[in-house]
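Look over the sequence and the structure first.

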Amino acid sequence: MSKSTVSNSVIRRLPRYYRFIGELEKQGVVRISSRELSERMGLTASQIRQDFNCFGGFGQQGYGYNVAELHSKIGEILGVDAHRPAILIGAGNLGRAIATHINFSKFGFELIGIFDSNPELTGKETGNLTIRNTEELESFCEANKPLAAVLCIPREAAAEAADKLISYGVKAFWNFSHYDLKIAHSDVTVENVHLGDSLMTLSYGLSSNRSDERD
Ligand code: NAI
């Protein structure tokens, strides 16, 4: 099955498989059956087999999965070793926290620049990067060709910023701005992130007492 025909829900499960199987590898587990994996992950064995079959299937009949191999193959599909250059726009509270606490290289990206429109922030250090003014954005993109941008700016600024960034060659947005970016370019990809949605799901879980889904 080609990448473009794999359903969104399968793709959304891949990072969890990657994380979970990485933990098993760290614990020294060498191989695992789909039944054991399903029990540990709270999924059905047939769901796991179906998901992995979208990528050609990784196991061997009667053997199960080689944990290290499975981890590496899922990592490859996710592109975790790709070091894609990324920039962050908006060096406020959220932007600085993300720049400091997210290990981009572990997830396939390398944070190479941080920008803010407030001149008072220009030149300040965040993590191991110096905040630049957005006036430098175009020339920076021309020289460094970032593929992804993390948007940590207010909702009102997001659409215009995204348009500019696309014209500078950015192809992916990790968007925290609370503006639901829907981009009409087929070659641009967007992940809208709302931490509040996750919290509301937690609230729903409490009010409806659901305990069947785990992360
Ligand atoms: P903040 O006010 O501390 O920082 C925003 C920064 O963006 C400021 O430094 C400002 O100068 C800069 N900025 C504004 N317009 C800009 C532009 N066009 N280009 C470059 N820089 C620009 O706000 P905070 O707390 O960092 O939050 C940022 C945004 O993220 C807010 O809109 C907030 O609602 C949202 N947010 C979203 C979360 C989520 O789960 N999606 C969680 C927390 C905050």
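## The model

This is a predicted model, in which local features need pLDDT of at least 70, side-chain atom pairs count only at pLDDT 80 or more, and totals for chains, interfaces and linings use all residues. Residues are numbered from 1 along each chain as its sequence is written, and side-chain values use heavy atoms, with hydrogens and water left out.

## The ligand shell

The ligand is surrounded by 20 residues. The closest are L94, D116, F176, V193 and L195.

By class, the shell has 10 nonpolar, 8 polar and 2 charged residues. Here Gly counts as polar and Cys as nonpolar. Helix 5 (93-101) and helix 7 (155-167) each give the shell at least two residues. Helices are DSSP runs (H or I, at least four residues), numbered from the N terminus.

## Polar contacts

A polar contact is a pair of N or O atoms within 3.5 Å. The side chain of D116 places an N or O atom 2.6 Å from a ligand oxygen. L195 has a backbone N or O atom 2.6 Å from an oxygen atom of the ligand. For N93, a backbone N or O atom lies 3.0 Å from a ligand oxygen.

Taken alone, the ligand exposes 860 Å², and the protein buries 70% of that. These areas come from the Shrake-Rupley method with a 1.4 Å probe.

## Cysteines

The whole structure has 0 disulfides; the cut-off is two cysteine sulfur atoms within 2.5 Å.

Technical notes:
A residue is near a molecule or strand if one of its heavy atoms lies within 4 Å of it. A polar contact is a pair of N or O atoms within 3.5 Å; within protein, one must be able to donate a hydrogen and the other to accept it, and residues adjacent in sequence count only if both atoms are side-chain atoms.
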